[in-house]
Amino acid sequence: MLPKEKHVSKDTFINMKEKSEVIDGELVILDSGASIGHVRALNVIRKALEGYIAKNNGSCEVFTESARLFCNDIDRSLNENYYLPDIMVVCDSNNIDDEGVHSAPLMVIEITSPSTRQFDYGQKMVVYEKIGVKEYWIVDLQKKVVTVYKQLNNFIAETHIHCDKLAVSVYPGLEIDLSSIWE
């Protein structure tokens, strides 16, 4: 189980040196290093999204795991939830500052690890739906599965087992080649 502390302030979270998130008001210290498979998957997906946005002269930005997402700034009814999504696509540049992102991302992708899996499938999925994320992927490298939740489908899980290519619904015409991440 991950170490937790109760009732963490936003300032404490921002000043943390360890990779950490606040989930329902509790500080969760995450693993300090990602596996090579995790990094490779992150890079494949990030590059595909950035390439598509650039090719289509889009204004959205792709942020990776060190950019903070302040969920309770988006929906005040939430407990304190500050996440470090593996990948998020953000289109509202007015709500990005040096601390992080304060508006709902268009898309979020979490790449599981044994220590984060329960949060990715559980609390984070619920919070991402509540704050208005349009599309949420959980890339489970251990199970070789991508679970996709879409706002258009009421966040009902779609499971894609060992898929080589996966369409991104928020970007029509974009299919991300995932074949290399399963090797």
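Hi everyone, let's start with a cysteine: cysteine 71 is buried, at 0% relative accessibility. Before I go on, please keep in mind that this is a predicted model.

Cysteine 163 is buried too, with a relative accessible area of 11%. Now to the cysteines that pair up. How many disulfides does the count come to? With sulfur atoms within 2.5 Å as the rule, the count comes to one disulfide. That disulfide joins cysteine 60 to cysteine 91, with an S to S distance of 1.9 Å. As a reminder, a disulfide is a covalent bond between the sulfur atoms of two cysteines.

Where does this link sit in the chain? Cysteine 60 is in the loop between helix H2 (36–55) and strand E4 (61–64), while cysteine 91 is in the loop between strand E7 (87–90) and strand E8 (107–111), so the bond ties together parts that are 31 residues apart in sequence. The link of cysteine 60 and cysteine 91 is right-handed, with 100° about the S-S bond. Are the two partners buried or partly exposed? Cysteine 60 is buried, at a relative accessible area of 16%, whereas cysteine 91 counts as partly exposed at 36%.

On to the strands, and I'd like you to look at E10, residues 145–150. Six of the six residues of this strand are buried, so E10 is largely enclosed by the rest of the structure. In a regular strand the side chains alternate between the two faces of the sheet. So which residues cover each side of E10? On one side you find Val145, Thr147 and Tyr149, on the other Val146, Val148 and Lys150, and all are buried.

What about the neighbours of E10? Strand E9, residues 135–140, runs antiparallel to E10, and six bridges join the two. If you want a pair to find on screen, glutamate 135 stands opposite lysine 150 in E10. E9 and E10 form a hairpin with four residues between them, and in the turn lysine 144 has a positive phi of about 60°. E10 also pairs with strand E11, residues 158–161, in the antiparallel sense over four bridges. There, valine 146 has histidine 160 of E11 as its bridge partner.

Now for two helices. Helix H4 spans residues 117–121 and holds aspartate 120. Is that aspartate 120 buried or exposed? Aspartate 120 counts as buried, at 1% relative accessibility. Leaving aside residues up to four places away in sequence, aspartate 120 touches Glu110, Ile111, Thr112, Met125, Tyr136 and Ile138.

One of those contacts, Met125, takes us to helix H5, residues 123–131, where the buried residues are Lys124, Met125, Val127, Tyr128 and Ile131. Following H5 comes glycine 132, with a positive phi near 100°.

Last, a word on confidence. The protein averages a pLDDT of 87, and 83% of the residues score at least 70. Over residues 1–8, though, the pLDDT is below 50, and this stretch has 24 contacts in the model beyond near neighbours in sequence. Residues 12–17 also have a pLDDT below 50, with 13 contacts beyond near neighbours in sequence. Where pLDDT is low, the predicted coordinates should not be read in detail.

Key:
Residues numbered from 1 in each chain as written. Predicted model: local features only at pLDDT ≥ 70, side-chain atom pairs only at ≥ 80, totals over all residues. Heavy atoms only, no water. Buried < 20%, exposed > 50% of the residue type's maximum accessible area, 1.4 Å probe, protein only. Pairing = 2+ DSSP bridges. Contact = heavy atoms within 4.5 Å. pLDDT = per-residue confidence, 0-100.
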